[in-house]
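This briefing is intended for a reader who is new to the structure shown below.

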Amino acid sequence: MADHAYITTPIYYVNAEPHIGSTYTTVVADALARFHRQRGVTTVMQTGTDEHGEKIAESAREAGVSPRDFVDDVAAKFRATWDSCGMQYDSFLRTSDPRHVEFVQGVLARLHEKDDIYFGSYEGLYCVGCERLYTEKELKDGLCPDHLTKPTEVSEPNYFFRMEKYKDAVRAHIEKNPRFIHPEGYRNEVLSILKEDLGDLCISRPKERLSWGIELPFDRDYVTYVWFDALLNYLSGPAILGREQELWPATLHLIGKDILKPHAVFWPTMLLAAGYPLYERLGVGGFWSSGGHKMSKSLGNVVRPLELRDKYGMDPLRYFLLRDMAFGQDADFTEEALVTRLNADLANGLGNLVSRTLAMSKKYFDGEIQDVRPIDPADEALARAFARARAELDAQIDNLAFHRGLGAIWEAIDAANKYVADQAPFKLAKDEDQKPRVGAILHNCVEALRVSAQLVAPFLPESAERIREALGLAPEKFARLDLAWGAAFETGHRLGGPINLFPRVES
Ligand code: MSP
């Protein structure tokens, strides 16, 4: 495993409030960050807000407030949402932060000095929704493929970044590094984009038209806007923390498929020009629709994370998002599907294992852990099922296949529930001579719970913590993933009473 993990989400535009799309990417980043921290890797997770540009200025105008007040308000809402959702980010980067602004101006000045930024004439079809120019070929029936709106024709003198100059080097890098863009379909898409004529990247706007941007240090009549400003957040964040050397290159940028080109083409060319090594990996996620339709305010089907958290709890929401979408592909969100997962996997699976183990321990031994011996081959098979789950989980997470990683953990949880049914301690308990074996079976069940809780901790942190408490296990012991089976609990250790981890939801 790498010596550090620096994981980023896109910085979210402040013209909309957090929804299931932004929540998904943030949950993925948070789960991965927790996963690495749990394995002893120095980890930084960064998220934040993208606050400059025409789109934001327009939204502020509509709201009748200044851009500054507008962005302060929405950025605070993002932060508060992620805090309420328990996201453990280490850095929250706002592009209106003066330290970010200064960082961007430093890069602009250097690139201008080496003539990688020049003054030219800007002409083309511009989509304000995407804040970028489109080529005729990229449009669908003359419309922006994402927003289905007609781009505006623009023509004005502006500053350009020499993207073409670095294009071949980026292509060679991608060809040499199969892991650079994941999943592979997006890698192929980028390689074909890089075969075409890209042109250079317009990075400015005259200040008289757009004042809500970052002033170019070499021409105060112009500002830089969205992409040149926003992408640099991934570097300015670590610089603000004073940890640029340690954290760069980023180990993983997580994004949605709509912003593939800026991240896989603009950003690496910018990094090469500015003399930085390229980030290690780009993870490209699919889109959530809602009830079979694209999410939109006008359809009234925007899914809000806090409403779901209040209704079902954060862990069930996290579980659903990670389990029902194969990372990279699209998926559909419905509350029915969430409830089905909650009842089947959480309540009947993990929740059942927790409640029956604790209830039987209480009933037969007053919550006291017994000797793990006598050992039966079935006990060893159970221990092996959890060792397999751990290995499979690590491999699947490396592949960003969260749904499969969780599937691997649940195979072991199912094996544990089956172990209880097969070993039938509730039957053996009727025979006083079988008491030592009943004690051993329950010790194995407690071990299964301990390891289940450790494995699910990055994905279901609140539930893992509740299980840890119910088991009466010290945090230091819980943090150790490599604890041998049977070594976590001493004979005589006291367990807590049964808990109802995931109450069933009637649909
Ligand atoms: N500000 C830019 C990103 C700059 S990063 C240097 C931006 N912001 S955004 O708020 O519009 O989108 C942020 C992320 O949310 C994008 O990765 C986008 O793909 C993702 N999603 C927006 N709607 C989504 C869904 N319905 N489903 C999944 N992800 C979606 O783009």
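Phe327 is found in the loop that runs between helix H12 (314-324) and strand S16 (331-333). The model is predicted. The points below begin with this residue and then turn to the cores and to Thr25.

*Phe327*
- With a relative accessible area of 8%, Phe327 counts as buried because this value is under 20%.
- Not counting residues up to four places away in sequence, Phe327 touches Tyr24, His182, Pro183, Leu254, Gly283, Val284, Gly285, Leu400, Phe402 and His403.
- Glu113 stands 214 residues from Phe327 along the chain, and the C-alpha atoms of the two are separated by 41 Å.

- In soluble globular proteins, nonpolar side chains tend to be buried together.
- Here the largest nonpolar core has 162 residues, and those with the most contacts inside it are Phe161, Phe228, Trp248, Trp267, Trp410 and Phe459.
- Helix H13 (residues 335-365) supplies the largest share of this core, 12 residues.
- Trp410 is in contact with Tyr319, Asp345, Leu346, Gly349, Leu350, Val456 and Leu460, leaving aside its neighbours within four places in sequence.
- A second, separate core of six residues includes Leu125, Cys127, Tyr134 and Leu139.

*Thr25*
- Helix H1 (residues 20-38) contains Thr25, which is buried with a relative accessible area of 12%.
- A polar atom of the Thr25 side chain lies 3.2 Å from the backbone oxygen of Gly21.
- Once neighbours within four places in sequence are left aside, Thr25 is in contact with Thr9, Pro10, Tyr12, Leu254 and Ile255.

How values were computed. Residues numbered from 1 in each chain as written. Predicted model: local features only at pLDDT ≥ 70, side-chain atom pairs only at ≥ 80, totals over all residues. Heavy atoms only, no water. Helix = DSSP H or I, 4+ residues; strand = E, 2+ residues; numbered from the N terminus. Buried < 20%, exposed > 50% of the residue type's maximum accessible area, 1.4 Å probe, protein only. Polar contact = N/O pair within 3.5 Å; in protein donor to acceptor, adjacent residues only side chain to side chain. Contact = heavy atoms within 4.5 Å. Core = buried A, V, L, I, M, F, W, Y, C linked by side-chain atoms within 4.5 Å.
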